[in-house]
Amino acid sequence: MGGKKHECDSGFQSNVDDPTDLTSEQHETVQFGPSTLPAKHYDPDTTEPISSNLQSLDELLSWKRSEASPFNVATVPLANRQPSYAASQKRTLVCHDMMGGYLDDRFIQGAEVETPYAFYHWDYIDIFNYFSHNMVTIPPVCWTNTAHKHGVLSLGTFITEWTDGAKMCEKFLADKESYCAVADKLVEMSDCYGFDGWLINIENVLSETAVKNMPPFLHYLTDCMHKRVTGSVVIWYDSVLQDGKLKWQNELNDHNRVFFEACDGLFTNYNWTESSLEFMKVYSAAQGRLADVFVGVDVFARGEVVAGKFETNKALSLIRKHGFSTALFAPGWVYECHDKTAFRMNQDKFWGLLSEHLFIHRPFFLLPVVSSFCLGFGKNLFQKGQVIMERNWFNLNAQELQPHYYTETLENQGWIRTQGCPEDAWSGGSSLLIEGVIPSTLSKVCARIFSLHVPLATRTFVSFIYKVSDGVSLSLELKLADAALCTHSNTEDASVLSTRLLPACTENHDLLNSAEQVISVWCFQLELSGCALRDICVNVTRDGGEQATPFKCRIGEIMVLDAESLLVSPVSVQSVHVDDIVWQKAVGSDSGNIMKLHLNATIKWCYPAQLIRHFCIHWRRLRGPDPRVPPGQLALVGRSYSNLFRVVDLVVPDAPALIELAVEPVTREGFRVPEANWGRHVISYIEGDHSVGAE
């Protein structure tokens, strides 16, 4: 196809002649042969996009931004939070190290997994470091997007180890030109893929020249990262000494301070004692930088350590007592070493034990606040309370803003607990289960769901979707910051807004479409001035009597938005373009032994990322090969969380034929966009010469 090029928000170019025309068309000839897509970025069998690493110095130095995977570029900007990273005095870093990395999470568009590993206690941590033993570990995009959604920094890892690592270090630390070349590539890679810095882990002996050049390398890398990537950090792992020996110190001291002083922080090894903490607290190099010392804790409890496993809280208690940050290494222990079907229970237990020594961060952003509590995986895929796909799935890009997960003991044997519930959902793969017992001495209990800081609009719209057990009723409370500066007309209490005082949705509201009778929906409009949202809470109230009352309720979605946004005209998908087509002949999954034609292709488009929850990609047959068969109905191909999608293994009619691909935006609020605003692309194709490379 010819025509002018059109630049869109995603940074990709489209060759559509008229970017305002929502339907584009191209003509193809069906040819069979091996895929020419780079195996590093695409699975060679399916052509689906995957995340990958770099394994050698030559590979790093030859890396080009133009050859980077467009699918692995983070699309979610780093959210602000209170306190900010710079203001946090006792930070928490999670070092992923999960079974070597690049497992199910390497499939960028998701995978069918029955019991996946995921992380969702984002409100407790400051940094997520994706770790593997490859020289350059680039975080899979799903981790960076999800971390950024919660205001958490995402770090990659640069590691050299043992004999081969020593050879690499000799080469890149030979002189200033060499180490600057490596640093420049690391900076460019971080900027390209959208993550926030590096853990530098040198676990091999360094020669006199190499160790002399290591601090300047760290300083140059750190300085360049700060200039290129706002808020970025570079952290050094405690391994090599200033004389080049490989000898873990388990503390900051005279032997390793030169590296600490050249970057943003030190991640200590794990075999420290309380005397190590006492020494560091008064050590000169740590003064004014205690928060930059991340005392390492191996959750597997390997070696002579204070504690680990389900007693990690004992180690963390000592670390916090002396005023330091912490680096939790391999918390995937709860997944690797236990029944994987009990993963969420063990994960919640682990973080619940640590919670006393962690600090809740408040995301700080503008409206809307929207969450369906999706964990990024599920047993089914739900849309408006209905199952639209019956199979296990995993895609962390789908993880919504996560609530607080905790268990609280109340008076007189009462209790309350929040946890994810993949058994039922409103949108995505899970809802929020709130369960417990209202003791006889209380008429209600309160669950704090979110802590945040969000300025509210003059006209703020709120919706609350839930299911509740008999004997109790629910209400939603919005607690306000700076209540004295805030005025509103819906309630007398200046600090709390409650659904009990406000009208429910009208019956024809979009939120009620497709809802079952057992689903309750509250929506209401507030008239406000100068208000900021601080907490979102759910009150569970006993309907009558004074007996202890057990309860269960599932929260499907909470949404707070500027009411004016409901009146904005829908935005249309622009500049739809398809490329990287690969044709295959294979046995269809539902067609016995009959060989079917399969289409694999990348579809790109332009649409403002901040407006959408996800895109639904559909296809249909328009005509061919039998002209007597009428056009088919639109069928869902998959979901995308960015402005591109790889259609993989789609069974299409034999040539000659005409098919259509359609891109449907689903708004942040979950509203459907009229079909007139979808993007569409038509592909017509005919038979080609299959004598070469034919299957």
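These legends accompany a set of close-up views of a predicted model.

**Figure 1. The whole protein, before we zoom in.** Let's start with the overall picture: the secondary structure comes to ten helices and 38 strands. Of the 695 residues in the protein, 58% are buried. Among contacts with a separation of 6 or more, 77% are between residues 24 or more positions apart. The protein exposes about 28,100 Å², and carbon and sulfur atoms supply 50% of that area.

**Figure 2. Asp123, a buried acidic residue without a salt bridge.** You will find Asp123 in the loop between strand 5 (92–95) and strand 6 (127–129). Which side chain of opposite charge is nearest to Asp123? That is Arg81, at 6.9 Å, whereas a salt bridge requires a side-chain nitrogen within 4 Å of a carboxyl oxygen. The side chain of Asp123 does have a polar contact with the side chain of His404, at 2.6 Å. Leaving aside neighbours within four places in sequence, the residues in contact with Asp123 are Arg81, Phe359, Ile360, His361, Pro403 and His404.

**Figure 3. The buried residues of helix 7.** Helix 7 spans residues 274–282, and its Ser276, Leu277 and Met280 are buried. These residues lie on the same side of helix 7 because they cover an arc of only 95° around the axis. What do the buried residues of helix 7 pack against? Their partners are strand 12 (293–298) and helix 8 (312–321).

**Figure 4. His357 and its surroundings.** His357 sits in the loop between helix 10 (343–354) and strand 14 (362–364). With a relative accessibility of 13%, His357 counts as buried. Not counting residues up to four places away in sequence, His357 touches Asn313, Leu316, Ser317 and Arg320.

**Figure 5. A salt bridge between Lys379 and Glu423.** The count for the protein comes to 28 salt bridges, and this view shows one of them, with N to O at 2.5 Å. The pair links distant parts of the chain, 44 residues apart. Lys379 is in the loop between strand 16 (377–378) and strand 17 (381–383), while Glu423 is in the loop between strand 21 (415–421) and strand 22 (427–428). Both ends count as partly exposed: Lys379 has a relative accessibility of 41%, and Glu423 has 48%.

**Figure 6. A salt bridge between strands, Glu435 with Arg417.** Here the closest N and O atoms are 2.8 Å apart. Glu435 belongs to strand 23 (residues 431–438) and Arg417 to strand 21, so the pair ties together parts that are 18 residues apart in sequence.

**Figure 7. Glu564 and Arg459 form a salt bridge.** The closest N and O atoms of this pair are 2.4 Å apart. Glu564 is partly exposed, with a relative accessible area of 39%. Arg459 also counts as partly exposed, at 26% relative accessibility.

**Figure 8. A network of salt bridges.** To finish, look for Arg362, Arg448, Arg534 and Asp535, which salt bridges link in a network.

Note on methods. Residues numbered from 1 in each chain as written. Predicted model: local features only at pLDDT ≥ 70, side-chain atom pairs only at ≥ 80, totals over all residues. Heavy atoms only, no water. Helix = DSSP H or I, 4+ residues; strand = E, 2+ residues; numbered from the N terminus. Buried < 20%, exposed > 50% of the residue type's maximum accessible area, 1.4 Å probe, protein only. Lys, Arg positive; Asp, Glu negative; His and termini not counted. Polar contact = N/O pair within 3.5 Å; in protein donor to acceptor, adjacent residues only side chain to side chain. Contact = heavy atoms within 4.5 Å. Arc of directions from axis to C-beta. Areas by Shrake-Rupley, 256 points an atom, 1.4 Å probe, with all protein chains shown as cover.
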